[in-house]
Amino acid sequence: MTTITRRRDFVAANGAKRAPMPGFVLLARDRGDGDPAMRAGFTVTKKIGGAVVRNRLKRRLRALAREVLPQAGFAGHDHVLIGRQDGVTRDYAQLRADLVKALGKLAPRC
């Protein structure tokens, strides 16, 4: 799994199917390029808090993606996790369950 770093990939994923959860919003977009590799991107706005809080939330989201996406993610898709305010204080086990649930919601559509 690779990380999305280019702005155009984030903008393209913004038009994808989304699954809002209390701690984050998951976007899953089929790239349609025939490459089965999964990619993940992470973003947290300044509205969430200062740099320390945003970086802490991004670290939590990265850990979730490394743990869950290899088994439950969609091949050939970009997965973007947008952090929300509740993601900072929410228990990690709940975040993990939310990610699995969000992937389940998007599975039939992808």
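**Helices and sheet in a predicted model**

Q: Which residues of α4 are buried?
A: Leu-95, Asp-98, Leu-99, Ala-102, Leu-103 and Leu-106. They span an arc of only 135 degrees around the axis, so they sit on the same side of α4. The arc is taken from the directions that run from the helix axis to the C-beta atoms. Buried means under 20% relative accessible area, exposed is over 50%, and partly exposed is in between (1.4 Å probe, protein chains only).

Q: What kind of model is this, and how are residues numbered?
A: It is a predicted model, where local features need pLDDT of at least 70, side-chain atom pairs count only at pLDDT 80 or more, and totals for chains, interfaces and linings use all residues. Residues are numbered from 1 along each chain as its sequence is written, and side-chain values use heavy atoms, with hydrogens and water left out.

Q: And the names like α4?
A: Helices (H or I, at least four residues) and strands (E, at least two) are DSSP runs, numbered from the N terminus.

Q: What covers the buried part of α4?
A: The cover includes β2 (17-20), β3, α2, β5 and α3.

Q: How far does α4 reach?
A: Its 15 residues reach 21 Å from first C-alpha to last, close to the expected 21 Å. The expected span is 1.5 Å times one less than the number of residues.

Q: Now α2. What span should its 22 residues have?
A: They should span 32 Å, and the end C-alpha atoms are 30 Å apart, which agrees.

Q: Where is the kink in α2?
A: At Arg-66, shortly before the proline Pro-70. The kink is about 30 degrees. That bend is the angle between axes fitted to the seven residues ending at a residue and the seven starting there.

Q: Is Glu-67 buried, exposed or partly exposed?
A: Glu-67 is partly exposed, because its relative accessible area is 31%.

Q: Switching to the sheet. What is the strand order?
A: β1-β4-β5-β3-β2, an open sheet of five strands with mixed pairing. β1 (2-3) and β2 stand at the edges with a single partner strand each, so one side of each has no neighbour in the sheet. Two strands pair if DSSP finds at least two bridges between them.

Q: How do β2 and β3 run?
A: Antiparallel, joined by four bridges. They form a hairpin with three residues between them. Lys-17 stands opposite Ala-28 in β3.

Q: And β1 with β4?
A: Those run parallel, with two bridges. Thr-2 stands opposite Arg-39 in β4.

Q: Which residue has a polar contact with Arg-39?
A: Asp-78, side chain to side chain, at 2.8 Å. A polar contact is a pair of N or O atoms within 3.5 Å; within protein, one must be able to donate a hydrogen and the other to accept it, and residues adjacent in sequence count only if both atoms are side-chain atoms.

Q: Where is Asp-78, and how accessible?
A: Asp-78 lies in strand β5. Asp-78 counts as buried because its relative accessibility is 0%.

Q: What about Leu-27?
A: Leu-27 is in β3 and is buried at 2% relative accessible area. Beyond four places in sequence, its contacts include Asp-78, His-79 and Val-80.

Conventions
Contact = heavy atoms within 4.5 Å.
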